[in-house]
Amino acid sequence: MRVATWNIGEDERNDDGKLTIDSYNHIINTIKEENIDVLCLQEAIIKSNYLPSIASYIKENTDLKYIIEYELSDSHINIGSKMGVVICSKHEIKNYKMVKLDNPNLIYSVNENKTYYSHDKGFIIANIKEFSIISGHCLPFHVFKKNPLDYLEIFKKIEEEFIKSYNLNNNIILCGDFNYDNVNQLFPNIMKSCIDLIDCPTRKDKQLDHFIIGNKLKCTYKNINSSIFDHKLGIFDVNVS
């Protein structure tokens, strides 16, 4: 099964990074050209004053007819839009749940006119074919000049939820934008029996995105591609050993 992970929050072709219908069509063309079976998106538009939801658009224009949307926050790039995490699948999504990370409500002021507040972040946990796919987005602690290792309780709590959810199925895929490079520090118990297939920068000079699979799975193809968005696209063929 070919699974991809992609943060699509900012179209770098546009000065303000704002997404347009042309951004959406780039995603549609990529799904078709790369023969993607399951697409996991972060910073995906769920509602907007000027665009349809990306999940609905994908459903209407590709073979990925099964979708899950998890609305989490306002978009700081696409003003007037709500964003979150999305899974679009060619195969039936048998069941799923949504899990929100604790929000430490961080504040960072650039100046008196510009202040950032930490958005809600979270994950979708879904069963697709024989796989447990967990995909989502972690808090960007670096934006707020904070060290995520000072907030390990947040990661410990979500890791326990992941383990509880896939305990009966070791065919785990855990992917998304984790906003930190070392997943062994964030999810130490999961990484005892898993491997991260991404080992290169995914946004500028940092590896923020990860694609983690359980030891019972094997990867027969991987490609980390630059694109019009500010994060690279990761594509993986994953099979049961």
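**Helices, sheets and single residues**

Me: Which residues of helix H2 are buried?
Reply: The model is a predicted one. Helix H2 covers residues 54-61. A residue counts as buried when its relative accessible area is under 20%. In H2 the buried residues are Ile54, Ala55, Tyr57 and Ile58.

Me: What arc do the buried residues of H2 cover around the axis?
Reply: The buried residues of H2 are Ile54, Ala55, Tyr57 and Ile58. They lie on the same side of H2, because the arc they cover around the axis is only 165°.

Me: Which elements do the buried residues of H2 pack against, and at about what angle does H2 run to E2?
Reply: The packing partners are helix H1 (21-34), strand E2 (38-48), strand E3 (66-74) and strand E4 (81-89).

Me: How far does H1 reach from its first C-alpha to its last?
Reply: H1 has 14 residues. At 1.5 Å a residue, a span of 20 Å is expected, and the span in the model is close to that. H1 reaches 20 Å.

Me: Within what arc do the buried residues of H1 fall?
Reply: The buried residues of H1 are Ser23, Tyr24, Ile27, Ile28, Thr30, Ile31 and Glu34. Seen down the axis of H1, they line one face of the helix, because they fall within an arc of 160°.

Me: Which elements do the buried residues of H1 pack against, and at about what angle does H1 run to E1?
Reply: The buried residues of H1 pack against strand E1 (2-7), E2, H2, strand E13 (217-225) and strand E14 (233-240).

Me: Which residue follows H1, and what is its phi?
Reply: The residue that follows H1 is Asn35. Its phi is positive, near 55°.

Me: In E2, which residue is the bridge partner of Thr5?
Reply: E1 and E2 pair in the parallel sense over 5 bridges. In general, strands of a sheet pair through backbone hydrogen bonds. The bridge partner of Thr5 in E2 is Cys40.

Me: Is Leu41 buried or exposed?
Reply: Leu41 is in strand E2. Leaving aside neighbours within four places in sequence, Leu41 is in contact with residues including Ile54 and Ile58, both of which are among the buried residues of H2. The relative accessibility of Leu41 is 0%, so Leu41 counts as buried.

Me: Which residue of E10 stands opposite Ser132?
Reply: Strand E9 (residues 131-137) and strand E10 (residues 172-177) run parallel, and 6 bridges join them. Opposite Ser132 stands Ile172.

Me: How many disulfides does a search of the whole structure find?
Reply: A disulfide needs two cysteine sulfur atoms within 2.5 Å. For Cys138, the nearest cysteine sulfur is that of Cys175, 11 Å away. The sulfur of Cys194 is 12 Å from its closest cysteine sulfur, also in Cys175, which is too far for a bond. The number of disulfides found is 0.

Me: Where does Lys146 lie, and which residues does Lys146 touch?
Reply: Lys146 lies in the loop between E9 and helix H3 (152-166). Its relative accessibility is 39%, so Lys146 counts as partly exposed. Not counting residues up to four places away in sequence, Lys146 touches Leu106, Phe141 and Tyr151.

Definitions and conventions. Residues are numbered from 1 along each chain as its sequence is written. This is a predicted model: local features need pLDDT of at least 70, side-chain atom pairs count only at pLDDT 80 or more; totals for chains, interfaces and linings use all residues. Side-chain values use heavy atoms; hydrogens and water are left out. Two strands pair if DSSP finds at least two bridges between them. Helices (H or I, at least four residues) and strands (E, at least two) are DSSP runs, numbered from the N terminus. Buried means under 20% relative accessible area, exposed over 50%, partly exposed in between (1.4 Å probe, protein chains only). The arc is that of the directions from the helix axis to the C-beta atoms. Contact means heavy atoms within 4.5 Å. The expected span of a helix is 1.5 Å times one less than its number of residues.
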